[in-house]
Amino acid sequence: MLFNSLHFLVFLVLVLSAYYGLPHRLRWLLLLLASLYFYMVWNPVYILLLLAATSVDYLGAYRMSMLPDPAARRPWLILSMSLNLGILFTFKYFNFISRSVTGLAQQFDPGFEGVVHELILPMGISFYTFQAMSYAIDVYRGELKAERHAGMYFLFITFFPQLVAGPIERAGNLLGQLRKHVQFDYARFTSGIRQAAWGMFKKVVIADRLAPMVNEVYNAPEEYTGVSLALATFLFAYQIYCDFSGYSDIALGTARMLGIDLMDNFNRPYYAKSITEFWRRWHISLSTWFRDYVYIPLGGNRVVKWRWYYNLFITFLVSGIWHGANWTFVIWGALHGLYIVAEQAVRLPAFRGRLWDALRVGWVFVLVGISWVFFRANTVSDAWLILGRMIGGIPESLALLRSDPVKHLYLGQDSGYFLISVFAVACLEAVQLMQRRQGVRYFFEDRPAWFRWSFYAALLLMMIFFGMYHDKSEFIYFQF
């Protein structure tokens with residue numbers, strides 16, 4: 001089920017009505033059934049995989065909680081980790097590895113044929129497996145008591161607002177909230193509506209409007225030159241940000257309407273003054289997951305310098321692999337690893353001033369934009385073509401912009417469509433500048449009524465007149 005659909009709106013109204021109408025002891029069951037239905041709308045068969053994996057994880061953690069000796073707990077941790085990683089490998093990485101090995105083998109034996117299966121990638125598989133693994137690891141370490149209530153654990157894994165694209169929640173934050181008695185709170189409820197509405201604006205007015213222009217260029221990069229490719233990359237930076245942060249805002253807002261606080265997943269990442277800061281602001285739940293379960297176990301920064309750099313690089317390389325089974329994602333992760341290592345190895349002077357800060361923000365945006373080329377490109381060769389033309393194709397681009405602006409400036413759309421898209425991005429930046437010290441769900445609470453309602457009306461009108469509503473308009477991170 002898509003957040004940006006009438007189906008979800010009806011579903012949410014029914015769930016909220018039932019949630020606040022039922023006694024507290026039955027609410028967990030309502031949310032569990034609603035979450036299972038939410039996932040089954042996509043593909044009913046794959047709910048069996050989700051439930052089977054969740055059952056094994058629950059039993060493994062339950063057994064670990066009964067064993068005081070870490071050595072005795074270890075086999076159960078291995079069972080849980082092997083199951084989750086095995087599911088990821090089978091559905092997400094098997095074909096990638098098989099095709100890579102086949103391509104290498106065919107260099108020596110042209111007749112070699114690899115094995116490729118036709119399994120559909122389960123929606124949100126990387127998110128719920130990582131959430132389950134963090135729970136198992138925390139129980140194994142003794143940092144968390146195992147959940148005895150099977151239904152509550154199943155709800156923790158399947159909670160519908162964040163099931164398919166995060167944020168990746170920790171049991172220590174979410175399980176307790178699922179148990180607490182929630183009374184209807186008008187202020188919390190309306191702040192949840194505001195955040196969800198803002199997320200919907202980012203998705204349907206910005207991300208889905210930018211998508212056709214980005215797709216036009218990136219699906220045929222050989223037809224475009226430098227300026228067009230740079231413009232498409234710039235637009236993709238906003239497309240992916242608004243698509244993913246829009247989903248997170250809807251998830252956080254929806255959960256908040258239910259009286260539950262999920263962790264913030266984005267904090268104006270394009271205002272970061274370093275790559276390190278960028279990753280403290282972008283996909284925060286995943287960044288902290290890799291910090292706690294990959295980077296720190298490798299030794300973190302409590303090692304010699306070369307090993308510290310190695311730990312940083314490996315963490316980001318694994319993050320790239322998590323994002324997708326393609327060499328483009330591997331390079332994307334490795335590139336950010338190199339950025340981070342270079343940033344730690346070469347310390348810039350600590351100048352002060354708005355101009356210096358603006359230059360740093362611009363430099364980080366350029367570096368991130370270069371990495372987005374690999375993230376979005378269909379193949380590695382396409383990525384190198386795009387980067388090469390962005391660097392060396394400007395003179396030719398200027399001539400083409402004048403001769404065919406629809407294709408090379410407006411990227412396949414008319415001028416009105418392009419200008420509306422630019423205006424929507426400008427609105428995003430205006431709001432982000434206004435909320436430098438407060439998130440969107442708090443920003444309007446202290447504003448005059450006329451300001452709040454004027455903003456709400458403008459937001460609604462823009463979604464009605466400029467929003468893009470398609471049956472197949474999925475969120476980008478569903479594929480991960």
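## The buried face of helix α3

In this predicted model, helix α3 contains a set of buried residues, namely Y46, I47, L50, A53, T54, D57, Y58, G60, A61 and M64. Seen down the axis of α3, these buried residues fall within an arc of 170°, so they line one face of the helix. They pack against several other helices, which are α2, α4 (70-105), α5 (125-141) and α6 (150-158).

Helix α3 itself covers residues 46-65, which makes 20 residues, and the distance from its first C-alpha to its last is 29 Å. This is close to the 28 Å expected for α3 at 1.5 Å a residue.

## Helices α1 and α2

Helix α1 takes in residues 6-21 and helix α2 takes in residues 24-40, and the axes of the two come within 10 Å and cross at roughly 170°. An angle over 145 degrees counts as roughly antiparallel, and that makes α1 roughly antiparallel to α2.

On the α1 side, the residues that meet α2 are H7, F8, F11, V15, A18, Y19 and Y20, while α2 contributes R27, L30, L31, A34, Y37 and F38. Sorted by kind, the residues of this contact divide into 11 nonpolar, one polar and one charged.

Q131 is found in helix α5, and its relative accessible area of 2% makes it buried, because buried means under 20%. Leaving aside residues up to four places away in sequence, Q131 touches F156, I157, Q162, P167, I168, E169 and L174.

One of these partners, P167, is found in the loop between α6 and α7 (171-179). The peptide bond that joins G166 and P167 is cis, with an omega of about 5°.

E118 and L359 are 241 residues apart along the chain, and their C-alpha atoms are separated by 48 Å.

## Two residues with positive phi

H283 has a phi near 45°, which is a positive value in a residue other than glycine. H283 lies in the loop between α10 (275-281) and α11 (284-298), and at 0% relative accessibility H283 counts as buried.

A positive value is also found for L411, a residue other than glycine whose phi is near 55°. L411 is placed in the loop between α17 (405-408) and α18 (415-434), and the relative accessibility of L411 is 0%, so L411 counts as buried.

## Helix α18

Helix α18 has 20 residues, which at 1.5 Å a residue should span 28 Å, and its end C-alpha atoms are 29 Å apart, which agrees with that expectation. The buried residues in α18 are Y417, F418, S421, A424, V425, C427, L428, E429, V431 and Q432. What covers these buried residues includes α8, α9 (226-257) and α20.

Helix α20 has 18 residues and reaches 25 Å from its first C-alpha to its last, close to the 26 Å expected at 1.5 Å a residue. Its buried residues are F455, Y456, L459, M462 and M463. Seen down the axis of α20, these residues fall within an arc of 130°, so they line one face of the helix. The cover over the buried residues of α20 includes α8 (186-218) and α18, whereas on the other side of α20 the residues W450, W453, I464 and F465 are exposed.

The relative accessible area of Y456 is 19%, and Y456 is buried because the cut-off is under 20%. Y456 and R194 are 262 residues apart along the chain, and their C-alpha atoms are separated by 8.5 Å.

Key. Residues are numbered from 1 along each chain as its sequence is written. This is a predicted model: local features need pLDDT of at least 70, side-chain atom pairs count only at pLDDT 80 or more; totals for chains, interfaces and linings use all residues. Side-chain values use heavy atoms; hydrogens and water are left out. Axes are lines fitted to C-alpha atoms, for helices over the stretch in contact, and angles run from 0 to 180 degrees between N-to-C directions. Helices (H or I, at least four residues) and strands (E, at least two) are DSSP runs, numbered from the N terminus. Angles under 35 degrees count as roughly parallel, over 145 as roughly antiparallel, 65 to 115 as roughly perpendicular and the rest as oblique. Contact means heavy atoms within 4.5 Å. Ala, Val, Leu, Ile, Met, Phe, Trp, Tyr, Cys and Pro count as nonpolar, Asp, Glu, Lys and Arg as charged, and the others, Gly among them, as polar. The expected span of a helix is 1.5 Å times one less than its number of residues. Buried means under 20% relative accessible area, exposed over 50%, partly exposed in between (1.4 Å probe, protein chains only). The arc is that of the directions from the helix axis to the C-beta atoms.
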